[in-house]
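Reader: I would like to go through the aromatic rings of this model. Please keep the answers brief.

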Amino acid sequence: MVRIGIIGGSGIYNPDTFETVKKVYPKTKYGRPSDEITIGKIAGVEIAFIPRHGTKHQFPPSSVPYKANIQALKDLGAEIVISPCAVGSLKEEYQPGDLVIVDQFIDMTKKRDYTFFDSQTVHISIADPFCPELSKIFAGAAEEMKIRYHKKGTYVCIEGPRFSTRAESNMFRNFADIIGMTVVPECQLARELGMCYCSLATVTDYDVWKDEPVDIRMILRTMSECLSKITKLLEKGLPRIGSVRKCNCADAPKDAGV
C-alpha cells in the first residue's frame with residue numbers, strides 16, 4: 001500500500017532522484033490510468049507516480065482519464081495526491097519561473113467527467129479545495145529553499161487544448177491569478193474520495209495578455225529550466241508529511257452523506 005500519489009509531467013520521474021521499485025498498470029472500474037504507475041521512493045518516501053498525459057503525451061487535457069487516475073491511486077492505498085503542473089500567469093507579480101501553491105480554482109471547462117457519483121446525488125463541500133496542511137508543508141520547504149513562490153493563487157481551469165484568445169485572457173485576469181487545463185476535475189475527484197490534494201504550479205509564461213502569444217515551446221523551455229527546483233522541493237517536502245492527517249479532507253465524503 002502506497003500512501004502518497006504524484007500526478008504530473010514525466011520529468012518528475014528522474015532516475016537521479018527517483019528510486020524505482022516496480023511498475024503496475026491496474027485496471028479500475030473506470031478503465032486504466034494514463035500510463036503505468038511507477039512505485040518508488042523520493043528522499044526515502046514511498047510514492048506512486050502517474051504521468052498525467054501519458055509517457056508519450058497521448059492524452060490532451062480533455063481526454064486525461066482523471067477518474068481512473070484518482071481511483072487507481074486510491075486502490076493502491078493513497079490518501080494524498082500531489083500535483084506538479086505548468087500554468088500561465090494572469091498577474092504581473094506571478095512571474096515565469098515562480099512556484100504557486102494553489103488555494104482556489106475557477107472551473108471554465110465544458111465537457112469533462114466531473115464526479116464519481118453518477119448514480120446518486122451527492123453534494124461535496126469544496127469551498128477550500130486544496131489541503132491546507134500540504135500547502136503549509138511545501139510553502140515552508142519553498143521558503144527554506146529561498147525560491148520565488150506564492151502561498152496562494154486562484155487557478156482558472158480552461159478546457160484546452162488550445163490556449164486563450166486575448167479577449168479571454170484579459171477577462172480571466174479579473175478573476176484569477178494563473179491559468180491552466182488540468183486541475184479540474186482532478187482536484188474535486190480527490191476530494192470526493194476523501195483524499196488530500198496539493199497543486200504545485202510552475203508559471204511558464206504570461207498567457208497572451210502581456211507580451212508575445214504563448215506556445216508549447218515556451219512552456220517546455222521554462223519547465224525544463226524549473227524541473228530541478230520542483231524535484232528538490234519534493235525531496236524536501238515529502239519527508240515532512242506526517243503519518244497522521246491533521247486536516248479535514250478525509251471527512252468530505254462523510255459530511256456529504258456518502
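Reader: How many aromatic pairs does a search of the whole structure find?
Author: The model is predicted. A search of the whole structure gives this number of aromatic pairs: four.

Reader: Is the pair of Phe130 and Tyr197 stacked, edge-to-face or tilted?
Author: The ring centres of Phe130 and Tyr197 are 5.9 Å apart, and the planes make 50 degrees. Stacked needs under 30 degrees and edge-to-face over 60.

Reader: How many residues apart are Phe130 and Tyr197?
Author: Phe130 lies in the loop between strand 7 (104-108) and helix 2 (132-145). Tyr197 belongs to strand 11 (residues 196-205). The pair links distant parts of the chain, and the separation is 67 residues.

Reader: Are Phe130 and Tyr197 buried or exposed?
Author: Phe130 and Tyr197 also belong to one aromatic cluster with Phe105. As for accessibility, Phe130 and Tyr197 are both buried.

Reader: Why is the pair of Tyr206 and Trp209 classed as it is?
Author: The ring centres of Tyr206 and Trp209 are 5.7 Å apart. Their planes meet at 85 degrees. The cut-off is over 60 degrees, so the pair is edge-to-face.

Reader: Which residue has its charged end over the ring of Trp209?
Author: The ring of Tyr206 has the charged end of Lys210 over it, 4.8 Å from the ring centre. Over the ring of Trp209, 3.7 Å from its centre, sits the charged end of Arg173.

How values were computed. Residues are numbered from 1 along each chain as its sequence is written. This is a predicted model: local features need pLDDT of at least 70, side-chain atom pairs count only at pLDDT 80 or more; totals for chains, interfaces and linings use all residues. Side-chain values use heavy atoms; hydrogens and water are left out. Rings of Phe, Tyr and Trp (its six-membered ring) pair if their centres lie within 6.5 Å; planes under 30 degrees apart count as stacked, over 60 as edge-to-face and the rest as tilted. Helices (H or I, at least four residues) and strands (E, at least two) are DSSP runs, numbered from the N terminus. Buried means under 20% relative accessible area, exposed over 50%, partly exposed in between (1.4 Å probe, protein chains only). A charge sits over a ring if NZ of Lys or CZ of Arg is within 6 Å of the ring centre and within 35 degrees of the ring normal.
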